[in-house]
Amino acid sequence: FKFGWFVGFAEVLGCLIISKIEIMLLEKPDCTRLLPHSATVEKPKQPSLYMFAAVSFALIGSVGMKNASLAHLNFPTKEIFQSGKLISVMALGRTFSGKVYSTLEYVGAFVLLFGLSVFM
């Protein structure tokens, strides 16, 4: 498989285009004009461009390496490792974002980890 990085880039670019279309279709109208002049409306915090860039480069790297790995692994093995990514996502979400997961979600992650270890 020679075109793993290109396919990864095309996949991320396609997601970007579709996301932009979705945002344009689901954009909410501005209702602040109906409020009295004395009312103030707080705008939600917007992530910085730096955060968007960091996430984008991480996504491109992840998808590109995943597709480039097809040169060395067969497809079922790649999919098994990809399903194990849930565990690292949960760990990083807990560490950096402080996200709290339910007990059922932790049990599901550990069952997945156990299934991966038995299969491999």
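Predicted model: local features only at pLDDT ≥ 70, side-chain atom pairs only at ≥ 80, totals over all residues.

Mentor: Ser88 belongs to helix α4, which covers residues 85–97. This helix has 13 residues, and the distance from its first C-alpha to its last is 17 Å. At 1.5 Å a residue, 18 Å would be expected, and the value found is close to that. Just after α4 comes Gly98, whose phi is positive, at about 70°.

Ser88 and Ala109 are 21 residues apart along the chain, and 9.8 Å separates their C-alpha atoms. A second pair is Leu86 and Leu113: here the separation along the chain is 27 residues, and the C-alpha atoms are 9.3 Å apart. With a relative accessibility of 39%, Leu113 counts as partly exposed.

Tyr101 and Tyr106 deserve attention next. A pair of aromatic rings is described by the distance of the centres and the angle of the planes. The count of such pairs comes to one. In the case of Tyr101 and Tyr106, the ring centres are 6.0 Å apart and the planes stand at 80°, so the pair is classed as edge-to-face; the cut-offs behind this are centres within 6.5 Å and planes over 60 degrees apart. What cover do the two residues have, buried or partly exposed? Tyr101 is at 13% relative accessibility and so counts as buried, whereas Tyr106, at 30%, counts as partly exposed.

The wider setting can now be described. The chain contains five helices and zero strands, and its pattern along the sequence reads α-α-α-α-α. Within α2, Gly61, Val63, Gly64 and Asn67 are buried. The partner against which the buried residues of α2 pack is α1, residues 4–26.

Helix α1 also contains Ile21, which counts as partly exposed because its relative accessibility is 43%. Ile21 is one of the residues of a nonpolar surface patch, together with Phe9, Leu13, Leu16, Ile17, Leu25 and Leu26. The accessible area of this patch is about 720 Å² in total.

Finally, some values for the whole chain complete the picture. Of its 120 residues, 14% are buried. The chain exposes about 10,300 Å², and 72% of this area is supplied by carbon and sulfur atoms. Among contacts with a separation of 6 or more, 62% join residues 24 or more positions apart.

Key
Residues numbered from 1 in each chain as written. Heavy atoms only, no water. Buried < 20%, exposed > 50% of the residue type's maximum accessible area, 1.4 Å probe, protein only. Helix = DSSP H or I, 4+ residues; strand = E, 2+ residues; numbered from the N terminus. Contact = heavy atoms within 4.5 Å. Phe/Tyr/Trp six-rings, centres within 6.5 Å; stacked < 30°, edge-to-face > 60°. Patch = residues over 30% accessible without salt bridge, like charges linked within 9 Å, V, L, I, M, F, W, Y side chains within 5 Å. Areas by Shrake-Rupley, 256 points an atom, 1.4 Å probe, with all protein chains shown as cover. Salt bridge = Lys/Arg side-chain N within 4 Å of Asp/Glu carboxyl O. Expected span 1.5 Å × (residues − 1).
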